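Trainee: I have a model open beside its sequence, and I would like to learn how to read its features one at a time. Could you take me through it?

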Amino acid sequence: MPAFVDDVDVYLADFGDTVVSGATTGLGILDQPGVIEQDGVAVVSTDYRLTCKASEFGNLVYNDSLTVAGVAYKVREPLGGIGDGLFCQIMLSKV
């Protein structure tokens with residue numbers, strides 16, 4: 001029986017934005033902050049979170065610069081690998 005090969009690019013192809021960090025260019029999915037109003041107070045429900053290939057961006061550390069869809073961000077907190085380690089999540093701050 002042939003080995004199962006997971007092509008992670010398939011997951012990013014439809015929804016991914018171009019991510020550039022130094023000489024590395026790839027795709028990532030950016031979750032952006034959402035605001036919910038509760039009792040007249042605005043509550044941020046999410047932060048900027050990038051899901052991308054660990055093999056391309058898994059080595060980013062605090063304060064590294066990158067762009068997502070041409071918009072500048074800095075790494076706030078690398079969360080590391082998720083699932084089987086093919087993807088990673090990185091919390092970002094917009095510059």
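Trainee: Is D9 buried or partly exposed, and what is its relative accessible area?

Mentor: Keep in mind that this is a predicted model. Buried means under 20% relative accessible area and exposed over 50%, with partly exposed in between. D9 has a relative accessible area of 39%, so it is partly exposed.

Trainee: Which residue forms a salt bridge with D9?

Mentor: The partner of D9 is K53, and the closest N and O atoms of the pair are 3.1 Å apart. K53 counts as buried, at 13% relative accessibility. D9 and K53 also belong, with E56, to a network of salt bridges.

Trainee: How many salt bridges does the count come to?

Mentor: The count comes to 4 salt bridges. Among them is the one in which the side chains of D31 and R49 meet, at 2.9 Å from N to O. That pair links distant parts of the chain, with D31 in strand β2 (residues 24-31) and R49 in strand β5, 18 residues apart. Another is formed by R76 with D47, where the closest N and O atoms are 3.1 Å apart. Here R76 lies in strand β7 and D47 in the loop between β4 and β5, so the pair ties together parts that are 29 residues apart in sequence.

Trainee: Which residues touch the most other members of the largest nonpolar core?

Mentor: In this core of 14 residues, they are L50, L66, V68, I90 and L92. The elements that give it two or more residues are β5 (48-53), β6 (65-68), β7 (71-82) and β8 (87-94). Leaving aside residues up to four places away in sequence, V68 touches D17, T18, V19, L30, L50, Y73 and L92.

Trainee: Which residues form a nonpolar patch on the surface?

Mentor: I36, V41 and V43 form that patch, and together they have about 240 Å² of accessible area. V43 is found in strand β4 (residues 41-44), and at 36% relative accessibility V43 counts as partly exposed.

Key:
Residues numbered from 1 in each chain as written. Predicted model: local features only at pLDDT ≥ 70, side-chain atom pairs only at ≥ 80, totals over all residues. Heavy atoms only, no water. Core = buried A, V, L, I, M, F, W, Y, C linked by side-chain atoms within 4.5 Å. Buried < 20%, exposed > 50% of the residue type's maximum accessible area, 1.4 Å probe, protein only. Helix = DSSP H or I, 4+ residues; strand = E, 2+ residues; numbered from the N terminus. Contact = heavy atoms within 4.5 Å. Patch = residues over 30% accessible without salt bridge, like charges linked within 9 Å, V, L, I, M, F, W, Y side chains within 5 Å. Areas by Shrake-Rupley, 256 points an atom, 1.4 Å probe, with all protein chains shown as cover.
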